[in-house]
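Me: I would like to go through a structure and ask, point by point, what lies behind the words used for it. Please set each value against its definition.

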Amino acid sequence: MTAVRDRTRRAGRPLRARAAGAALLAALTLVALTLTGCGTAGYGASVAPSRMSVSSEAFVSGILPQRYTCHGAKMRPPLNWSGAPERTKSIALIVDDSSAPITPTIYWLVFDINPGATDIQEGALPTGARQALNSAGTATYDAPCPHGRPHSYRFTVYALNTTLKLPDGAPLQAVWTAIAAATIGRGRIVVTGNP
C-alpha cells in the first residue's frame, strides 16, 4: 500500500521536485550505508564501531507486538542496551524498516540521550533526549504499520563521541549524518511486525 502511495505521489511531481528527491535519496542511501556498517568515528577514516548489546523484554521470539504498531496502542517499546565504549558522550536510537526498498523508512530517531543511560522505558523519552523528524515529518515515534506481509524492524542504538547539540525536531538527514560521523559503538535488535 505504501509503495502504491509513493508511486502515485512521485508521478505527479514536477521535474525539479523529482530531482531534489533523487538527490535526497542518494544522500540518505550513503548515510544508510555508513550507519549499517562502519562509521567514521569522527576522524574521517572508516573504523568498525564497538559492539553493543540491545534487548527488550517486550519482544518475545523476535516479534514486534501489536501494542507498539499502528494496529495497537502505538506505544514506544522499552529497550535496554549495554557495552557503550568508555569515551561515549551521548547515545542515539534509530528505528527503521529494513524491509523498505532502497532507503529505509525511519519511524523514530532519538539523540543526545545521556551517555550513562542504559534503557528507554515503555512510552517514555529519557530526560534531556531530543527527537528528530522521522520519515513522516514528525518529531515523535511513528508506530510501524505493517501491511500485506511481515516487515523487519531494526532498533539500533549508537554510542557517539559527541553530543549532537541539534534542536528537537531537527531534520532527519542532518541528524542521521551527524550520527554517522560520530558513531563509536553500535548494537541492534531486529524484530518482525505482522499485518
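Me: Which residue stands opposite asparagine 80?

Reply: Asparagine 80 stands opposite aspartate 119, which is in S6. Please keep in mind that this is a predicted model, in which local features need pLDDT of at least 70 and side-chain atom pairs count only at pLDDT 80 or more, whereas totals for chains, interfaces and linings use all residues. Residues are numbered from 1 along each chain as its sequence is written, and side-chain values use heavy atoms, with hydrogens and water left out.

Me: What makes strand S3 and S6 a pair?

Reply: Two strands pair if DSSP finds at least two bridges between them. Strand S3 (residues 79–82) and S6 have two bridges, in the antiparallel sense, so they meet that definition.

Me: Why are S2 and S6 called edge strands?

Reply: The open sheet has three strands in the order S2-S3-S6, with antiparallel pairing. Strand S2 (53–55) and strand S6 (119–120) each pair on one side only, and they are the edge strands. A strand here is a DSSP run (E, at least two residues), and a helix is likewise a DSSP run (H or I, at least four), both numbered from the N terminus; in the chain there are three helices and nine strands.

Me: Why is the disulfide of cysteine 70 and cysteine 145 called right-handed?

Reply: The torsion about its S-S bond is about 70°, and the disulfide is therefore right-handed.

Me: Why does cysteine 70 count as partly exposed?

Reply: Buried means under 20% relative accessible area and exposed over 50%, with partly exposed in between (1.4 Å probe, protein chains only). Cysteine 70 has 24% relative accessibility and therefore counts as partly exposed, and cysteine 145, at 28%, counts as partly exposed too. Of the 195 residues of the chain, 39% count as buried.

Me: What is the mean pLDDT of the chain?

Reply: The pLDDT is the predictor's confidence in each residue, from 0 to 100. Its mean for the chain is 82, and 75% of the residues reach 70 or more.

How values were computed. A disulfide is a pair of cysteine sulfur atoms within 2.5 Å.
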